[in-house]
Amino acid sequence: MKARRRIPWGVYLVLLPTFALLAAFAYYPALNGMIHSLYEWRPGFDSPFVGLENYLTMLGDDLWWASFRNVGIIFVWAVTLMWVFPLLAAELVMSLSSERLRFVFRTLLILPLAFPAVVNVLLWQFMYDPRDGVVNSLLRATGLDGLAGNWIGDPRTALVALMTIGFPWVASLPFLVFLSALQNVPAEIYQAAEVDGAGRLRRFWSIDLPMMFRDVKLLFVLAVISVLQYGMQAHIMTRGGPDNATQVPVLRMLDAAFVDTSWGYAAALGTVLFALTLGVSLVALMLGRRSGS
């Protein structure tokens, strides 16, 4: 049996700064929030211990629980429509016979990822402007004035307008993952499928999808985490409105802290959200490991 090679202790010493940064900016804030959730936290003033009172308050917070309905809708949208277009784009790129053309289109499709997400949200906010926005201007120019509206100001359309940001969602992590998975499929498999007379659609169902299964599991876990932490777009464009139509757990937590100044209660909401994210992610990983074995 081959002896296991020992790793020099100096390697661990080099990693110490990384662990120190993780402890200071990741583990400590999370632990600190859990502790403060047991207090009526008032930064800079006396903060009496209240035990589980903040969590009992959460049980009766209808707005908090209602916000998970929007999260569920966003999640279904994120793992269906927001995967279809990136997958289609990856398939089309891989269908190009020229390696140079593949590189050009791959670069053009992922180039928007270089722009900050906030810039993208602000751009779409302008596009949704009810008076001078691109969306309503196009509708009026094509004679569809009746369809023009206040997209992020109407409770019936606000959530859909938020989820449509970035359409067709090709410049995204799913596109990179799908494209990478397709590039790792051995060329011999495609050649054998071509010899057997398999068409493009048959190749997609019989080769591409099975080969991408592990990558889809990874995307699913990441989608769970990102949706539970969703809030940046809604905070910038709607602040949870109108009429709480775009309220999500992260925004409810921020409102509890900065609007209601209930810092201890906000810490409790953050702790529960952290526990949910961790729990759902672990369950998804275990299910994925079992299905892959």
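The largest pocket of this predicted model has a volume of about 1,200 Å³. Of its 39 lining residues, Met82, Trp169, Ala171, Ser172 and Gln233 are the closest to the centre. Two or more lining residues come from each of α3 (62-78), α4 (81-95), α5 (99-110), α6 (117-127), α8 (158-163), α9 (173-183), α12 (213-228) and α13 (232-237). The largest share, six residues, belongs to α6.

Grid points are joined across faces, edges and corners, and the volume is the space filled by probe spheres set on the points. Helices are DSSP runs (H or I, at least four residues) and strands are runs of E (at least two), numbered from the N terminus.

Residues are numbered from 1 along each chain as its sequence is written. As the model is predicted, local features need pLDDT of at least 70 and side-chain atom pairs count only at pLDDT 80 or more, whereas totals for chains, interfaces and linings use all residues; side-chain values use heavy atoms, with hydrogens and water left out.

The second largest pocket is lined by 20 residues, and nearest its centre lie Met253, Ala267, Gly270, Thr271 and Phe274. Helices α1 (9-36), α14 (249-258) and α15 (263-292) each give two or more residues to this lining, and α15 gives the most, with eight.

| Pocket | Volume | Lining by class |
|---|---|---|
| Largest pocket | about 1,200 Å³ | 32 nonpolar, seven polar, no charged residues |
| Second largest pocket | about 480 Å³ | 13 nonpolar, seven polar, no charged residues |

Ser67 is placed in helix α3. Ser67 counts as buried because its relative accessibility is 1%, the cut-off for buried being under 20% relative accessible area (1.4 Å probe, protein chains only). A polar atom of the Ser67 side chain lies 2.5 Å from the backbone oxygen of Trp64. Apart from neighbours within four places in sequence, Ser67 is in contact (heavy atoms within 4.5 Å) with Gln247, Val248 and Pro249.

An unreviewed UniProt entry places the feature "domain: ABC transmembrane type-1" at residues 68-284; such annotations may be inferred rather than shown by experiment. The span of residues 68-284 is 69% helix and 0% strand, and its end C-alpha atoms lie 19 Å apart.

Technical notes:
On a 1 Å grid over the protein atoms alone, a cavity is a set of points where a 1.4 Å probe fits but cannot get out, and a pocket is an open set with protein on both sides within 12 Å along at least five of seven lines; lining residues have an atom within 4 Å of a point. Ala, Val, Leu, Ile, Met, Phe, Trp, Tyr, Cys and Pro count as nonpolar, Asp, Glu, Lys and Arg as charged, and the others, Gly among them, as polar. Buried means under 20% relative accessible area, exposed over 50%, partly exposed in between (1.4 Å probe, protein chains only). A polar contact is a pair of N or O atoms within 3.5 Å; within protein, one must be able to donate a hydrogen and the other to accept it, and residues adjacent in sequence count only if both atoms are side-chain atoms.
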